[in-house]
Amino acid sequence: MNLSEITEAIRNDPRNADYTKRGIPPILQISPEARVLIIGQAPGRRVEESGVPFDDKSGETLRDWMGVDRDTFYSGRIAVLPMDFYYPGKGKTGDLPPRPFIAREYHAALLQQMPDVRLTVLVGRYAIGFYLKGREERTLTETVRNFHSFLPSRFPIVHPSPLNFRWQARNPWFVSEVVPELRRRVAESLTD
């Protein structure tokens with residue numbers, strides 16, 4: 001299957017019918033030229049409205065952490081593959097989790113569309129849990145702190161949501177140790 005056929009299959013999946021009826025396309029950014037792949041959680045409400053992955057405060061923070069500007073982020077050299085292609089809705093304590101069938105049923109075919117990915121940035125606990133299953137540490141914090149264990153191909157980080165400010169305040173090593181290495185690895189991966 002090619003990218004347009006996969007996207008059409010996602011749109012036509014009856015589990016996505018509510019989004020398709022409302023004219024909401026699957027929100028992802030796939031390119032055969034991608035060198036860096038970001039596997040995130042799910043689009044938020046603002047991203048659902050714009051249809052552009054990470055077109056929000058989380059995206060601004062993520063681009064800063066990665067050391068790339070907006071043009072580079074949306075150039076095709078960086079791909080975004082969420083754990084859910086649609087906003088899953090609001091729960092009692094925040095957004096609902098990504099629907100598990102999306103990654104299980106669609107990620108493999110989409111990953112085949114990007115043969116030159118050099119670095120996969122796993123953003124947040126859902127992506128980390130799915131892609132590092134059985135290899136992650138006891139907690140998300142420990143997994144992120146031990147990011148070196150998953151290099152050179154995988155780089156786990158916390159979600160860049162503004163709601164994570166308490167976690168960042170308790171873990172200053174993230175900005176002083178992890179972010180510089182993330183920037184270095186992203187720059188290296190984007191260099192031909």
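Helices here are DSSP runs of H or I of at least four residues, strands are runs of E of at least two, and both are numbered from the N terminus. The structure described is a predicted model.

Pro152 sits in the loop that runs between α8 (140–145) and β4 (154–157). The peptide bond leading from Leu151 into Pro152 is cis, with omega near 15°. Another loop, between α3 (45–50) and α4 (57–66), holds Phe54. Phe54 is not a glycine, yet its phi is positive, at about 55°. Most peptide bonds are trans, and most residues other than glycine have a negative phi. Phe54 has a relative accessible area of 11% and is therefore buried, since the cut-off for buried is under 20%.

**Helix α1 and its contact with α6**

Helix α1 covers residues 3–12 and helix α6 covers residues 100–111; their axes come within 10 Å and cross at roughly 170°. The two helices are therefore roughly antiparallel to each other, an angle over 145 degrees being the requirement for that description. The crossing of α1 past α6 is left-handed. On the α1 side the contact is made by Leu3, Ile6, Ala9 and Ile10, and on the α6 side by Tyr106, Ala109 and Leu110. By class, this contact contains seven nonpolar residues, no polar ones and no charged ones.

Ile6, Thr7 and Ile10 are the buried residues of α1. Viewed down the helix axis they fall within an arc of 100°, so the buried residues line one face of α1. These buried residues pack against α6. Ser4 and Asn12 are exposed, and they are carried on the face of α1 that is turned away from its buried side.

**Helix α4 and its contact with α10**

The axes of α4 and helix α10 (residues 173–190) come within 7 Å and cross at roughly 75°. That makes α4 roughly perpendicular to α10. The contact of α4 with α10 divides into six nonpolar residues, no polar residues and two charged residues.

Pro32 lies in the loop between α2 (17–21) and β1 (36–39). Pro115 belongs to the loop between α6 and β3 (119–123). Contacts join these two positions: apart from neighbours within four places in sequence, Pro32 touches Gln113, Pro115 and Asp116. In C-alpha terms, Pro32 and Met114 are 4.5 Å apart in space although 82 residues separate them in sequence. Pro115 and Glu33 are also 82 residues apart along the chain, and their C-alpha atoms are separated by 8.1 Å.

| Residue | Relative accessible area | Class |
|---|---|---|
| Phe54 | 11% | buried |
| Pro32 | 46% | partly exposed |
| Pro115 | 61% | exposed |

Notes:
Residues numbered from 1 in each chain as written. Predicted model: local features only at pLDDT ≥ 70, side-chain atom pairs only at ≥ 80, totals over all residues. Heavy atoms only, no water. Axes fitted to C-alpha atoms, helices over the stretch in contact; angles between N-to-C directions. Parallel < 35°, antiparallel > 145°, perpendicular 65-115°, else oblique. Left-handed = near helix turned anticlockwise from the far one by under 90°. Contact = heavy atoms within 4.5 Å. Nonpolar A, V, L, I, M, F, W, Y, C, P; charged D, E, K, R; others polar. Buried < 20%, exposed > 50% of the residue type's maximum accessible area, 1.4 Å probe, protein only. Arc of directions from axis to C-beta.
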